[in-house]
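This briefing is meant for a reader who is meeting the structure for the first time. Please look over the sequence and the model shown here, and then read the notes that follow.

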Amino acid sequence: MALLPRLRQLMRRPSSASRVGARRPTTAARRGDTLHEDALRSMLSDDPNNERAFVALAEIVRRRAAEATIADEDPLAAPTDDGERRRAADLAVWALGEELAGNPRAWYPLIEVARLSVADDHEGTLRRLTTAAERDPSGRALVEALALLRSADMPVDAVGLGVGHWRPREHDPEVGRQLVLASIEAGRPLEAKQHLAALDLHPDTAATAELKLELAHELARAEQNN
């Protein structure tokens with residue numbers, strides 16, 4: 001169970017400088033996925049927000065960490081349970097996200113670390129999501145951040161983050177969807193209406209027309225239920 005305190009310690013640790021692309025030194029024999037890992041790290045060095053590369057690399061380090069807990073088992077101790085292996089895998093992905101987040105262009109790794117911290121570190125989660133939103137001018141990071149907070153039943157925090165960072169003229173209209181839905185879930189229908197109206201500021205009216213209609217129905221349904 002020593003992994004859980006280590007995980008919480010990592011939550012509160014400032015991000016380290018990025019060493020993406022450099023293989024960690026090891027005395028272990030080369031594994032079949034080593035070349036794949038190196039290729040993924042190279043891709044993430046070029047684009048730290050490559051979601052597919054991150055997910056693939058996270059799967060490698062997650063599997064390796066889970067396997068290591070079995071290999072390191074004391075034959076005289078109780079066998080490692082699934083929870084311990086899961087914590088070891090989460091810790092490995094956490095370390096990967098912290099490493100990649102050292103790149104000042106990286107926002108997706110911050111989202112993934114926030115996903116791991118959301119249940120235990122409210123302040124740290126909001127800090128990571130705020131940094132991710134500030135690093136991404138397109139609004140994609142803000143969409144992911146708001147969706148994460150909503151899924152964690154934190155709509156009030158989602159509204160606060162969205163209001164502070166949404167730029168309706170520049171950002172993906174999906175930010176507006178997340179912010180309107182978060183406002184509804186937070187019991188703030190008047191704010192939801194304001195955010196819905198703000199979608200008119202987006203220059204691509206065709207892209208927002210159907211979205212506005214969908215959100216108007218959601219808002220009307222929420223008001224009927226109250």
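**Glu37 and its surroundings**

Leaving aside residues up to four places away in sequence, Glu37 touches Leu57, Ile60 and Arg64. The model in which these contacts were computed is a predicted one. The notes below begin with this residue, and then turn to the chain as a whole, to one helix and to a pair of helices.

**More on Glu37**

- Glu37 lies in helix H2, which covers residues 34–46.
- With a relative accessible area of 7%, Glu37 counts as buried, because buried means under 20%.
- Between Glu37 and Val61 there are 24 positions in sequence, while their C-alpha atoms are 8.9 Å apart in space.

**The chain as a whole**

- The chain holds eleven helices and zero strands, and its elements, read from the N terminus on, run α-α-α-α-α-α-α-α-α-α-α.
- Of the 226 residues in the chain, 43% are buried.
- Among the contacts in the chain with a separation of 6 or more, 64% are accounted for by residues 24 or more positions apart.

**Helix H4 and Asp82**

- Helix H4 runs over residues 82–101, and its 20 residues should span 28 Å at 1.5 Å a residue, which agrees with the 28 Å that separates its end C-alpha atoms.
- H4 is mostly covered, given that 16 of its 20 residues are buried.
- Asp82 and Ala66 are 16 residues apart along the chain, and the distance between their C-alpha atoms is 9.0 Å.

**Where H8 and H9 meet**

- Two packed helices are described by the angle between their axes and by the distance between the axes.
- For helix H8 (residues 155–165) and helix H9 (residues 174–185), the axes come within 8 Å and cross at roughly 140°.
- The crossing in which H8 passes H9 is left-handed.
- On the H8 side, Pro155, Ala158, Val159, Gly162 and Val163 take part in the contact, and they meet Leu179, Ala182, Ser183 and Glu185 in H9.
- The residues of this contact of H8 with H9 divide into six nonpolar, two polar and one charged.

Conventions. Residues numbered from 1 in each chain as written. Predicted model: local features only at pLDDT ≥ 70, side-chain atom pairs only at ≥ 80, totals over all residues. Heavy atoms only, no water. Axes fitted to C-alpha atoms, helices over the stretch in contact; angles between N-to-C directions. Helix = DSSP H or I, 4+ residues; strand = E, 2+ residues; numbered from the N terminus. Left-handed = near helix turned anticlockwise from the far one by under 90°. Contact = heavy atoms within 4.5 Å. Nonpolar A, V, L, I, M, F, W, Y, C, P; charged D, E, K, R; others polar. Expected span 1.5 Å × (residues − 1). Buried < 20%, exposed > 50% of the residue type's maximum accessible area, 1.4 Å probe, protein only.
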